[in-house]
Amino acid sequence: MNDVTPKSSGQIFCPSCAKPVNQEAVICPNCGVQLKELKVSSGSMELQSFDKNSTGAHFMVKTDGNTLAQHVRDFLKSEGYELENGSILKGGYTKGNLGKRVMLGPLANLYKFNVEITEKDGIANLIFSKGMSGFSGGLIGVSKMNKETERMRMKLYNTFSKK
Ligand SMILES: [Zn+2]
């Protein structure tokens with residue numbers, strides 16, 4: 001009887017890059033793709049500071065960078081945003097179906113946000129900012145994008161517990 005768990009039983013293969021990853025992993029460490037669904041857990045992370053600015057907001061949260069990145073990704077997903085470029089630690093999210101956008105071209109209603117998450121001394125920093133691709137910039141309209149930015153940053157703010 002061999003009581004050593006075979007290495008393969010604790011691993012799955014990433015559906016995106018096909019590399020073996022730990023079955024407990026929520027995101028693939030190789031390519032950053034999401035492997036498991038995570039619910040947006042309200043109140044589990046404590047907000048240390050929150051500053052609004054002209055392009056979005058800066059959040060400081062008592063957690064690690066990956067946990068915050070997953071939280072933000074899940075929040076954005078619940079709002080219909082999908083990661084379009086980069087990784088969940090530094091990437092761009094868009095709302096609106098990519099196929100529809102290609103089909104409709106400049107008429108597609110496209111909102112975009114950029115996230116950048118860093119970590120220092122047990123505090124994760126998030127810079128959440130509106131993104132304007134050349135594709136969508138003038139088409140959505142500045143006021144519509146600003147409204148969406150305000151709505152999204154406050155909604156995101158409400159997903160954190162407060163001191
Ligand atoms: Zn992968």
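Analyst: Let's start with one term: two residues count as in contact if their C-beta atoms, placed from the backbone, lie within 7 Å. Keep in mind that this is a predicted model. Among contacts in the protein with a separation of 6 or more, 44% join residues 24 or more positions apart.

User: Okay, so what is Leu-126 in contact with, leaving aside its neighbours within four places in sequence?

Analyst: Phe-59, Val-61, Leu-68, Val-72, Val-115 and Ile-117. Each of these pairs therefore has its C-beta atoms within the 7 Å cut-off.

User: Why do S7 and S8 count as paired strands?

Analyst: Pairing takes at least two bridges. S7 (residues 111-120) and S8 (residues 123-130) have 8 bridges, in the antiparallel sense, so they count as paired. One of the bridges puts Phe-113 with Lys-130 in S8. Their hairpin has 2 residues between the strands, and Asp-121 takes a positive phi near 50° there.

User: How do you know that S6 and S7 pair too?

Analyst: By that cut-off of at least two bridges: S6 (residues 90-95) and S7 have 6, so they pair, again in the antiparallel sense. Here Lys-90 stands opposite Glu-116 in S7.

User: What makes the largest nonpolar core a core?

Analyst: Its members are buried nonpolar residues joined through C-beta atoms within 7 Å. The largest such set has 22 residues, and Leu-68, Val-115, Ile-117 and Leu-126 have the most contacts inside it. Helix H1 gives the most, with 4 residues. Domain 1 (10-39) and domain 2 (40-162) each supply at least three.

Conventions: Residues are numbered from 1 along each chain as its sequence is written. This is a predicted model: local features need pLDDT of at least 70, side-chain atom pairs count only at pLDDT 80 or more; totals for chains, interfaces and linings use all residues. A residue is buried if 20 or more other C-beta atoms lie within 10 Å of its own, exposed if 12 or fewer, and partly exposed in between; C-beta atoms are placed from the backbone. Domain bounds come from an automatic or database domain assignment.
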